[in-house]
Amino acid sequence: MLSRLANRTSDIAPFFVMELLGRAKQLEMQGRDIIHMEIGEPDFATPQIVVDAGIRRLQTGDIKYTPAAGLPELRQKIADYYQTRYAVTVDKGRIFVTPGASGAFLLALAASVNPGDEIVMADPCYPCNSNFIKLFEGKAITLPVDATTNYQLTAELIKRQWTPSTKGVLIASPSNPTGTLIEPDEFKQCIELVNECGGCFYSDEIYHGLVYGKHAPTALEYSDNAFVINSFSKYFGMTGWRIGWLIVPYDFVEAAEKLAQNIFIATPTLSQYAALAAFDEQNLEELESRRAEFAVRRDFLYNALLQLGFEIPAKPDGAFYIYANCAKFTKDSYEFALEFLEAEGVAITPGIDFGSFKANEHLRFAYTTSIGRIAEAMQRLEQFINKNKNKG
Ligand SMILES: Cc1ncc(COP(=O)(O)O)c(C=O)c1O
């Protein structure tokens with residue numbers, strides 16, 4: 001008898017952190033005080049100016065489908081943002097408003113991946129992207145990377161890996177889980193190499209804006225021939241609104257349009273109207289003050305983890321994560337995360353959620369909670385480590 005489940009469902013791993021989150025919720029229901037450092041979304045609320053724009057639209061009751069590629073005025077604002085932020089001119093016809101970066105990546109892959117195509121990416125990396133490739137029956141080729149390359153791919157690694165089946169390369173900078181950036185010159189070389197090989201370059205720029213003391217270039221500074229994936233989720237504080245965008249190379253515009261019509265019809269209309277206010281000067285000022293707060297938290301957490309004996313050989317310059325090596329304390333970071341949650345009530349994400357390369361030696365700490373709570377979590381971590389030492 002035919003299986004009712006599609007084979008691809010068995011290729012896709014669940015998030016281990018969801019199990020942890022479930023347990024954290026149970027403990028909270030029992031009255032335990034849980035500190036959440038596993039969560040990959042800003043703790044700040046959506047900025048008021050964006051909420052107000054959404055409310056104004058909602059009150060009109062006029063929430064019909066928009067064009068599949070998005071509201072023309074929002075696509076224009078996104079194009080203007082590239083001009084002011086990166087000094088890059090982007091034709092708004094190449095911009096597709098999508099349901100989050102997730103929708104953007106789905107659209108990019110739907111337009112470019114054939115069964116058997118290989119897409120090269122770093123290990124560790126954000127797991128959904130490689131799972132999306134499997135959905136399209138492509139193969140995610142994950143290359144182990146470490147602090148020597150800032151946990152990013154290099155042109156050399158890509159060149160060595162390139163085969164006749166290689167369709168493209170995905171780079172996420174800043175990266176989730178490591179928060180590290182690719183060096184601009186290396187980034188340029190990677191894009192040029194992929195273009196020379198006739199492949200597709202996918203640049204996941206979802207953590208742009210959340211970069212501390214450095215410039216994170218967009219792939220479009222080096223080439224028009226790249227898929228750029230971005231979102232209102234992280235820097236703009238709009239995770240639950242499910243809105244992002246995709247910029248496609250010119251020769252993909254027609255295909256992306258057709259696919260967007262069929263897959264999404266359109267991105268949620270209310271979210272698009274709200275996002276129109278996201279680029280207002282006043283909002284950008286608010287987001288900059290949030291960014292400054294994230295930078296302070298990053299420094300605090302980084303120093304605290306080092307003091308406790310964790311190794312962080314590449315200091316993260318962006319996102320809101322620190323990927324720390326915990327080999328000194330455990331051979332199994334998943335077990336460590338579970339026991340730490342039970343004993344001290346702090347939730348963190350085990351490395352296994354981001355790949356397999358030295359995953360059992362790493363933990364991801366998200367600084368998506370206040371400095372006060374991070375300080376409390378570090379005290380609990382010290383206590384946990386000391387208790388284990390004494391046991392052991
Ligand atoms: C690297 C990376 N890309 C894409 C996404 C998807 O984001 P969204 O669909 O909310 O825009 C995330 C979410 O955590 C992420 O970390």
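What share of the contacts in the protein chain with a separation of 6 or more comes from residues 24 or more positions apart?

## Overall fold

In this predicted model, residues 24 or more positions apart account for 74% of those contacts in the protein chain. The chain contains 13 helices and 12 strands.

The C-alpha trace of the protein chain spans about 65 × 55 × 55 Å along its principal axes. A compact globule of 392 residues would have a radius of gyration near 21 Å, and the protein chain agrees with this because its own value is 21 Å. Of the 392 residues, 45% are buried.

## Around the ligand

The ligand is surrounded by 13 residues. The closest are G100, A101, S102, S231 and S233. Helix α5, which covers residues 100–112, gives the most to this shell, with 3 residues.

By type, the residues of the shell around the ligand comprise 8 polar, 4 nonpolar and 1 charged.

## Helix α12

Helix α12 runs over residues 333–344 and has 12 residues. From first C-alpha to last, α12 reaches 16 Å, close to the 16 Å expected at 1.5 Å a residue.

The buried residues of α12 are S333, Y334, F336, A337, F340 and L341. Viewed down the axis of α12, these buried residues fall within an arc of 160 degrees, so they line one face of the helix. After α12 comes G345, which has a positive phi, near 75 degrees.

How values were computed: Residues are numbered from 1 along each chain as its sequence is written. This is a predicted model: local features need pLDDT of at least 70, side-chain atom pairs count only at pLDDT 80 or more; totals for chains, interfaces and linings use all residues. Helices (H or I, at least four residues) and strands (E, at least two) are DSSP runs, numbered from the N terminus. The expected span of a helix is 1.5 Å times one less than its number of residues. A residue is buried if 20 or more other C-beta atoms lie within 10 Å of its own, exposed if 12 or fewer, and partly exposed in between; C-beta atoms are placed from the backbone. The arc is that of the directions from the helix axis to the C-beta atoms. A residue is near a molecule or strand if its C-beta atom, placed from the backbone, lies within 6 Å of it. Ala, Val, Leu, Ile, Met, Phe, Trp, Tyr, Cys and Pro count as nonpolar, Asp, Glu, Lys and Arg as charged, and the others, Gly among them, as polar. The radius of gyration is taken over C-alpha atoms; the globule rule is 2.2 Å times the number of residues to the power 0.38. Two residues are in contact if their C-beta atoms, placed from the backbone, lie within 7 Å.
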